[in-house]
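Thank you all for coming, and please have the sequence and the three-dimensional view open while I talk.

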Amino acid sequence: MAWRCSGVGWPQEARMAVLRWEGGRVSPLLAGKALGFRAEGARQCVGARGNLCPLGAVVPGRVTQARCPECARLDRAHSVAADTIADDPRVYRVYLAWFGPGMTKAGITAEERGSARLLEQGAVAFSWLGRGPLMAARRTEEVLRSALGIPDRIPYADKRAVRARLPATAGERAAEIEALHGRALALDGWAQTLEPLGFDAVDHAGRFGLEGLPPATAVVRELVHDGVVAGTLLAVAGPDLHLRTADGEIVVLDTRLMSGWSLVGADAGAGVSVPTAGLGVGTGGGVQDGLF
């Protein structure tokens with residue numbers, strides 16, 4: 001039986017990540033878990049906004065969003081991230097997220113989502129900065145970018161490259177965002193409707209399983225027909241699974257590359273037979289036994 005993956009989820013009520021499957025099933029992602037899968041057929045567009053792709057399009061293996069151009073346009077037509085919604089009535093929060101030394105970004109997320117957005121991005125530490133209407137939060141994000149040079153994106157390749165050599169304590173990991181938090185609150189240009197929030201660091205290193213994590217040696221670039229990814233789970237950070245293969249290699253799999261594929265179980269000792277690259281090159285209910 002084949003299964004189709006819809007990515008890693010971070011339920012607020014659970015302390016662990018889960019792998020989500022089309023149809024609503026989930027598989028807990030516990031450190032030490034043996035897992036393996038084999039891809040079958042071609043990678044299909046996953047559609048947009050809950051609708052199937054009308055073209056049944058095949059999409060490239062190396063893209064992280066398994067959507068054809070038409071479905072991608074439809075998906076972004078209702079996206080806060082793409083600035084296509086200006087009248088969203090929800091309360092938003094501005095945050096500072098830290099991924100490693102010298103890698104802090106600013107972003108916004110709907111307050112009702114809690115810290116889910118930070119977990120999805122693999123933020124090792126973060127602090128809220130302010131809360132208010134969407135456009136006020138967006139304006140603050142722009143002020144931080146222009147005045148303090150804080151970016152709104154950190155490449156995943158950069159995040160992966162430092163996960164095994166982060167500072168040892170939560171205090172050290174929070175130091176950069178604490179300093180930037182103070183500088184940010186002192187800036188002119190804040191929207192009057194945005195309420196500043198005091199510094200309160202949240203650390204995800206333990207939840208991700210990063211403490212004692214060995215350095216990765218390779219990153220999966222894409223899945224291919226009949227290609228296998230298998231090993232023992234060491235850590236989950238954002239969409240990334242860190243796996244130890246049977247031959248001792250440490251391989252990172254961005255689970256976004258799994259979407260659109262039909263997946264069947266494989267032995268956990270089968271290793272990795274899909275294209276990989278050295279670290280630092282970006283990728284730009286349960287299920288049957290043997291699968292996740």
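Let me begin with a question: are Asp254 and Arg160 buried or exposed? Both Asp254 and Arg160 are buried, where buried means under 20% relative accessible area, exposed means over 50%, and partly exposed is in between, with a 1.4 Å probe and protein chains only.

Before I go on, please keep in mind that this is a predicted model, in which local features need pLDDT of at least 70 and side-chain atom pairs count only at pLDDT 80 or more, while totals for chains, interfaces and linings use all residues. Residues are numbered from 1 along each chain as its sequence is written, and side-chain values use heavy atoms, with hydrogens and water left out.

Now to the charged side chains. The structure holds 22 salt bridges, a salt bridge being a side-chain nitrogen of Lys or Arg within 4 Å of a carboxyl oxygen of Asp or Glu. In one of them, the side chains of Asp254 and Arg160 meet at 3.1 Å, N to O. This pair links distant parts of the chain, since Asp254 belongs to strand β13 (residues 250–254) and Arg160 to helix α4, 94 residues apart. Helices (H or I, at least four residues) and strands (E, at least two) are DSSP runs, numbered from the N terminus. Salt bridges that share partners join Arg160, Arg163, Asp240, Asp254 and Arg256 into one network.

Staying with Asp254 for a moment, its relative accessibility is 0%, so Asp254 counts as buried. The side chain of Asp254 also makes a polar contact with the side chain of Arg256, at 2.7 Å. A polar contact is a pair of N or O atoms within 3.5 Å; within protein, one must be able to donate a hydrogen and the other to accept it, and residues adjacent in sequence count only if both atoms are side-chain atoms.

Let us turn to another salt bridge, the one between Asp226 and Arg38, whose closest N and O atoms are 3.2 Å apart. Asp226 lies in the loop between β10 (218–220) and β11 (228–237), and Arg38 lies in strand β4 (residues 34–40), so the pair ties together parts that are 188 residues apart in sequence. Asp226 is partly exposed, with a relative accessible area of 45%, and Arg38 is partly exposed as well, at 24%.

Next, please look at the start of the chain. Three strands form an open sheet there in the order β1-β2-β3, and the pairing is antiparallel; two strands pair if DSSP finds at least two bridges between them. Why is one side of β1 and of β3 left without a neighbour in the sheet? The strands β1 (5–9) and β3 (26–29) stand at the edges and each has a single partner strand, so one side of each has no neighbour in the sheet. Four bridges join β1 to the antiparallel strand β2 (residues 17–21), and Gly7 stands opposite Arg20 in β2.

Now a word on the cysteines. A disulfide is a covalent bond between the sulfur atoms of two cysteines. The structure holds zero disulfides, counted as pairs of cysteine sulfur atoms within 2.5 Å. Cys53 is in no disulfide, and the nearest cysteine sulfur, that of Cys45, is 3.7 Å away. Cys53 is buried, with a relative accessible area of 13%. Cys68 is in no disulfide either, with the nearest cysteine sulfur, that of Cys71, 3.7 Å away, and Cys68 is buried at a relative accessible area of 5%.

Finally, the aromatic rings. The structure holds four aromatic pairs; rings of Phe, Tyr and Trp (its six-membered ring) pair if their centres lie within 6.5 Å, and planes under 30 degrees apart count as stacked, over 60 as edge-to-face and the rest as tilted. Tyr95 and Trp128 form an edge-to-face pair, 6.5 Å centre to centre, with 75 degrees between the planes. The pair links distant parts of the chain, Tyr95 being in strand β5 (residues 92–100) and Trp128 in strand β7 (residues 125–132), 33 residues apart. Phe126 and Trp128 have ring centres 5.1 Å apart and planes at 75 degrees, so this pair is edge-to-face. Tyr95 is buried, with a relative accessible area of 1%, Phe126 is buried at 2%, and Trp128 counts as buried at 17%. Tyr95, Phe126 and Trp128 form one aromatic cluster, and with that cluster I will stop.
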